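Here is a short briefing for a first look. Keep the sequence and the model side by side as you read.

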Amino acid sequence: MSAEKEAAAAATMGAAAEPGVGEDSCPQPQKGEAAGDPQPPAASEGAAAASPPPLRCLVLTSFGGYDKVKLQSRPAVPPAPGPGQLTLRVRACGLNFADLMARQGLYELLPPLPVILGMEGAGVVTAVGEGVSDRKEGDRVMVLSASGMWQEEVTVPSAHTFLMPEAMTFEEAAALLVNYITAYMVLFDFGNLQPGHSVLVHMAAGGVGMAALQLCRTVENVTVFGTASASKHEVLKENGVTHPIDYRTSDYVDEIKKVSPKGVDIVMDPLGGSDTAKGYNLLKPMGKVITYGVANMLTGPKRNLMALARTWWNQFNVTALQLLQANRAVCGFHLGYLVGEVELVSSVVARLVALYNQGRIKPHIDSVWPFEKVADAMKQMQEKRNVGKVLLVPGPEKEN
């Protein structure tokens, strides 16, 4: 995501939900609306007594703090997926940085409010629509979606689902897609990671960071510099970080230069702002900085206009001639704009599933939170207390 787009979105998006939506009812899609939203309720006379329990969902009702995501419900009706779609009962959902940005009105791909958040999840297929031949009722699948996964039942395009390996848990499946697709494409498709390379992984204890560490270990002799608070350094070392750096007390540029005066081959940049320029200046000849986020915009639970302005003002600019002379590359990655690239994404997921089946990668779960504690889950990530993936589940709370 570019800082310009995020700052523009922050300046233009409204701060209130659309009127007329109660806090006890999930938003209902319009006729013909894209999948990823809840099933519309069907009128039924005299069925109240025998109706199943309502289905719950997490709805962003307006932009702001943690309280803007509400637990709501809607009537349970028989699933009716359209052509090319399937319906699944969701068992676990992933929480991502994009969801935190969406809550503050900083995510440009967010549909109009009120909206159900969530880009990924896993569950069991309960119905398939016309033309779906490679999925059946009872299949366990993981889902990549633009939004709409934080609910108990969801209808999505079948092409956006992927069969889970037999040994994979629902929690692992909900933790795989966004983080590992991002890390894989940044490191291999853009970064061209090779034996002997060195990599700087910012926010190394986060979901993408932990995925990147595991993927780096699939290549021989890769040196990893990872930034995180000091309390997480032992975990990082156990997961392949060669040189952990406490970004709160040290200048990571200085620390890297002490070990590798020429810099690094790949910089994974989820921060944006001035850190992109620092990453670029750390590159060796033929090095690449891949920017895939603007985490520097988030400084608290609510939108911070000073942080937005600072990140925008410090955004990195470079000319083609400067790149030519430096023998460096700058790349941008945004998974949200690739959700519809079915063949591309499917090929990456196939490689990730193969690595999982070989035991070479395994999602690192930080914590699992029930829908009722979504605010605590978001706070866990936003305050950077997590090591690995933060998950949401429709069921009861698990011990973290």
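**Helix H10 and its buried face**

In helix H10, Val345, Val348, Val349, Leu352, Val353, Leu355 and Tyr356 are buried. Buried means under 20% relative accessible area, exposed means over 50%, and partly exposed lies in between (1.4 Å probe, protein chains only). Seen down the axis of H10, these buried residues fall within an arc of 155°, so they line one face of the helix. The arc is that of the directions from the helix axis to the C-beta atoms.

This is a predicted model: local features need pLDDT of at least 70, side-chain atom pairs count only at pLDDT 80 or more, and totals for chains, interfaces and linings use all residues. Residues are numbered from 1 along each chain as its sequence is written, and side-chain values use heavy atoms, with hydrogens and water left out.

**More on H10**

- H10 covers residues 342-357; its 16 residues should span 22 Å at 1.5 Å a residue, and its end C-alpha atoms are 22 Å apart, which agrees. The expected span is 1.5 Å times one less than the number of residues.
- The exposed residues Glu343 and Asn357 sit on the face of H10 turned away from its buried side.
- The cover over the buried residues of H10 includes strand S6 (140-144), strand S8 (161-163), helix H3 (170-190) and helix H4 (207-216). Contact means heavy atoms within 4.5 Å.
- Gly359 follows H10, and its phi is positive, near 80°.

**The whole chain**

- The protein chain has eleven helices and 16 strands. Helices (H or I, at least four residues) and strands (E, at least two) are DSSP runs, numbered from the N terminus.
- The chain has 400 residues, and 54% of them are buried.
- Take the contacts between residues at least 6 apart in sequence: 73% of them join residues at least 24 apart.
- The chain exposes about 17200 Å², and carbon and sulfur atoms supply 53% of that area. Accessible areas come from the Shrake-Rupley method with a 1.4 Å probe; for residues, only the protein chains shown count as cover.

**Strand S6 and its partners**

- Strand S6 is mostly covered, with four of its five residues buried.
- Strand S5 (residues 120-128) pairs with S6 in the antiparallel sense over five bridges. Two strands pair if DSSP finds at least two bridges between them.
- Within S6, Arg140 is the bridge partner of Val124.
- S6 also pairs with S8, in the antiparallel sense, over three bridges.
- Met142 stands opposite Phe162 in S8.

- Where is His160? His160 lies in the loop between strand S7 (153-157) and S8.
- His160 is buried, with a relative accessible area of 17%.
- Leaving aside neighbours within four places in sequence, His160 is in contact with Met142, Val143, Leu144, Val339, Gly340 and Val342.

**A three-stranded sheet**

- Three strands form an open sheet in the order S2-S1-S4, and the pairing is antiparallel.
- Strand S2 (69-74) and strand S4 (115-116) are the edge strands, as each pairs on one side only.
- Strand S1 (residues 55-60) and S2 pair in the antiparallel sense over six bridges.
- Leu60 stands opposite Val69 in S2.

**Backbone details in loops**

- Leu113 and Pro114 are joined by a cis peptide bond, with omega about -5°. Pro114 lies in the loop between helix H2 (97-103) and S4.
- Met203 has a phi near 50°, a positive value in a residue other than glycine. Met203 is found in the loop between strand S9 (198-201) and H4. At 24% relative accessibility, Met203 counts as partly exposed.
- Asn327 is a residue other than glycine with a positive phi, near 55°. Asn327 lies in the loop between helix H9 (320-326) and strand S14 (329-332). Its relative accessible area is 42%, so Asn327 is partly exposed.

**A threonine in helix H8**

- Thr311 is found in helix H8 (residues 305-313).
- Is Thr311 buried or exposed? Thr311 is buried, with a relative accessible area of 5%.
- A polar atom of the Thr311 side chain lies 2.8 Å from the backbone oxygen of Ala307.

Conventions: Polar contact = N/O pair within 3.5 Å; in protein donor to acceptor, adjacent residues only side chain to side chain.
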